[in-house]
Amino acid sequence: MKTNMFFKIMQAGGGRPIGNWFAAVTAALTVVLTHGARADDFIVYSPYVTKGQNEIELRGFTYRDGSADTNGAGGYELAISHAFTSWWKPELYLGRFERNPGATTHLVGYEFENTFQLASAGEFWADPGFLLSYESNKQHGTPDAVEFGPLFEKRSGRIDQRLNLIWEKQVGTGASGKYALRSAYSVNYRINVKFAPGLEAYYRPGDNAYQIGPFLSGELPATAGSEFEYSAGVVFGVNRGAPDQTFVARLEYEFF
């Protein structure tokens, strides 16, 4: 059902051949990414906002680990966004799904996310942005949450670096009074627009998880004014509290 809806949106934003291709890739990606269970967020956000740009994004992860309590867990998310100005891009997560080992994939909630670009590119040593989101959780006994924190990106020739510092705070009935920090860092070298190998690192002290590993990303031009962005990789657990391996994939269609 999600794939069919996704395909219809694609036809509205681009041509039918691209929609067919993207829908097929999306369906395949969804199948791969539903072999997980625990919710998490493996992405390094960019602070940049392009006025008038629309995005449809699917991303997810799955764990491989020696522990049966972790092996096979994962999740995926489907989101759409539109940048109303040159500094504000709201994004609506149509669904956040998770799967525990040996269990079925289930909906865990929705999210409304906002990216703010705080300065023009090149105005400061690193380009700053800010992330603010609200998570509506549908699981019984799980409070809603807000997330916020700064985003940074530094481009030096072919080298691109990003750093995120995100805090999460539960809100509503049963909410914890604690703030949970997670941070993410990426660096890649752009060989050309289609291929940019690099590294990503994730630091989640609340989960006692520290991970790092190789990634490949790039942009694939589609019809005029539109393109696909992809990235995929695996991060390895640095400490014993992290999963042995986490496979991550992201696919995004951008159009005006």
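User: Which rule decides that two strands pair?

Analyst: Two strands pair if DSSP finds at least two bridges between them. In this predicted model, 12 strands close into a barrel, with antiparallel pairing, in the order β1-β2-β3-β4-β5-β6-β7-β8-β9-β10-β11-β12. On average, neighbouring strands of this sheet are turned by 20 degrees against each other, direction ignored.

User: How many bridges join strand β7 to strand β8?

Analyst: Strand β7 (residues 159–171) and strand β8 (residues 179–189) run antiparallel and are joined by 11 bridges.

User: What pattern does the protein follow along the sequence?

Analyst: The pattern reads α-α-β-β-β-β-β-β-β-β-β-β-β-β, from 2 helices and 12 strands.

User: What share of the contacts comes from residues 24 or more positions apart?

Analyst: Such residues account for 51% of the contacts in the protein with a separation of 6 or more.

User: Is Glu 98 buried or exposed?

Analyst: The general idea is a cut-off: buried means under 20% relative accessible area. Glu 98 is buried because its relative accessible area is 11%. This residue has its place in strand β3 (residues 88–99). Its C-alpha atom is separated by 9.7 Å from that of Phe 61, a residue 37 residues apart along the chain.

User: What percentage of the 256 residues of the protein count as buried?

Analyst: Of the 256 residues, 46% count as buried. The accessible surface of the protein comes to about 12,600 Å², and 60% of that surface belongs to carbon and sulfur atoms.

Key
Residues numbered from 1 in each chain as written. Predicted model: local features only at pLDDT ≥ 70, side-chain atom pairs only at ≥ 80, totals over all residues. Heavy atoms only, no water. Helix = DSSP H or I, 4+ residues; strand = E, 2+ residues; numbered from the N terminus. Buried < 20%, exposed > 50% of the residue type's maximum accessible area, 1.4 Å probe, protein only. Contact = heavy atoms within 4.5 Å. Areas by Shrake-Rupley, 256 points an atom, 1.4 Å probe, with all protein chains shown as cover. Axes fitted to C-alpha atoms, helices over the stretch in contact; angles between N-to-C directions.
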